[in-house]
Amino acid sequence: MTYAVLAVSGVALALLGGAVLTGLAFRRDRSIVRGRHLLAVAVTALVLIALTAIFDNLMIGAGLFHYASEHLLGFSIGLAPIEDFSYPLAGALLLPALWAALQRGSAQRRRDCAQLVLSSRPISWVNTAFPFGAAYLLVTREIDWVFVVGVLYFLIPYNFAMYGINDVFDYASDLANPRKGGIEGALLAPRLHRPTLWIAALTNVPFLILLGTAGGPAAWLALALSAFAVVAYSAPRLRFKERPFLDSVTSSFHFVSPAIVGLLLAGGHINGALVLLLSAFFLWGMAAHAFGAVQDIGPDREAGIHSIATAIGARATTRLALLLWIAAGALMLFTPWPGPLAAIIVVPYVVNCAPFWFVTDANSARTNRAWRRFIALNFFAGFLTTLLLILEWNRV
Amino acid sequence: MGMLYLGLLLGGIACMLLLDRRFSLFFWHDPAVALLVTAVGTALFLVWDLAGIAAGVFFRGEGVVASGIVLAPELPLEEPVFLIFLVLCTMVVFTGSARIFGAMRDRRSADGDAAIRRDANRRDPRRGDA
């Protein structure tokens, strides 16, 4: 009987929400043909109910789930209890209404949303989620809620904070930089600065607290340092990104700290081999940041922003980045098998960066070509790393 | 066998997205709103599931086609994926049928005064796919 109560409440809520939203959509958007909209909703409900009748039977037949029979009304279509049809019905009542109501958002609002998402660099989301997920999984060897919550956190909210805060406080230099506005980040309109910071805070804090409950003091420290580095990198007064060398260190920590958090939440012990591996990752991240800063020397100097590259110049920074990459590869050679295989991952980075050995401050913007390749290289490196992780996984 | 159900679900999602892309229905029509609808829909269904689990109505089966990975008591990894699929399926059927009804009405009115329409098309070729 309980399931019927649940099903009826679900459908009733969907009906209510759907009616309100549809009314709103009809009033606001004169271009919706009302009859056609309602007909499409009816067809959707019928099609989904028919599909449910087929697939629910298959799923129950395959033993994917079952019900406490004392909670059922007792009517069923094949194996599917009649209450199960509340899901497709509620979906058809509510979702198209939500869609129609939101569709008519002004073009401006739609562009704002797109800008906010763009500002978090969706193409780089995986770069922080992967280190966490890989580290956590290698220790626990099972997927649980901490894994899912942690991967989600380092996939989206973390990047919203990291890049959002950055875009807000870097508005001046970004304005002078023709590179912004694509995959490398949005030029965030001043109107969106306050909402960006709010979104960053509201999406990060609950995740941090939730993840904190899963670990001890060491994990709390790692989470706190990780969040601090995200804020300190671009927030006023701290502005680590404007302190040469500390900028590269902090930026690299943005990518290494998810792995450390993952290890600690999973209850892993940090031993010599892990320190080597994390150090290699750290050097790799510093190289990536330093080399990335070279292309911005011009705009950064114009806006009076300091970076490792404006401090020591394009040529020295490029050479330092190359050495850091080579050092990262060398460190991997001293890790236990199959770690040494990972040394090969730095080769494409070295090949990509080496042609700029003689780059000058004047033509430093040209390194942007290598930087664009760098974004693609990261996916290749991620692929190789994944293969190595699978090797390691099967070895133990 | 353990990944069969999850694989089928992901395959189903991929097929829905291909349909979506081919006819610019949902994500390919308005990505931001589509993302929001998918997130809200999945979250609501998930709350519904959790309520059912808490009330002792639903139980995870021991089916051999399931991965056996559990996110919470009685909540397998596959369930949120299924819910995303359900939302996508709903929205592709809805936007698709709305599109078909629109096209049918256009054709009916076109049959009525084909001459005027031909004339109109000559002046504005975009009218055909209104």
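Good morning. A:Phe132 and A:Tyr136 sit four residues apart, about one turn, within helix α5 (residues 126–140) of chain A; helices are DSSP runs (H or I, at least four residues), numbered from the N terminus. This is a predicted model, in which local features need pLDDT of at least 70 and side-chain atom pairs count only at pLDDT 80 or more, while totals for chains, interfaces and linings use all residues. Residues are numbered from 1 along each chain as its sequence is written, chains are lettered from A, and side-chain values use heavy atoms, with hydrogens and water left out.

Over all chains, the structure holds 26 aromatic pairs. Rings of Phe, Tyr and Trp (its six-membered ring) pair if their centres lie within 6.5 Å; planes under 30 degrees apart count as stacked, over 60 as edge-to-face and the rest as tilted. The rings of A:Phe132 and A:Tyr136 have centres 5.8 Å apart and planes at 15°, so this pair is stacked. A:Phe132 is buried, at 0% relative accessible area, and A:Tyr136 is buried at 3%. Buried means under 20% relative accessible area, exposed over 50%, partly exposed in between (1.4 Å probe, protein chains only).

For A:Phe291 and A:Trp325, the centres are 6.1 Å apart and the planes at 65°, so the pair is edge-to-face. A:Phe291 lies in α12 (residues 272–294) and A:Trp325 in α14 (residues 308–332), so the pair ties together parts 34 residues apart in sequence. Ring pairs link both into a cluster whose members include A:Trp284 and A:Tyr349.

Finally, α2(A) has a kink of about 25° centred on A:Thr52, the bend being the angle between axes fitted to the seven residues ending there and the seven starting there.

How values were computed
Helices (H or I, at least four residues) and strands (E, at least two) are DSSP runs, numbered from the N terminus.
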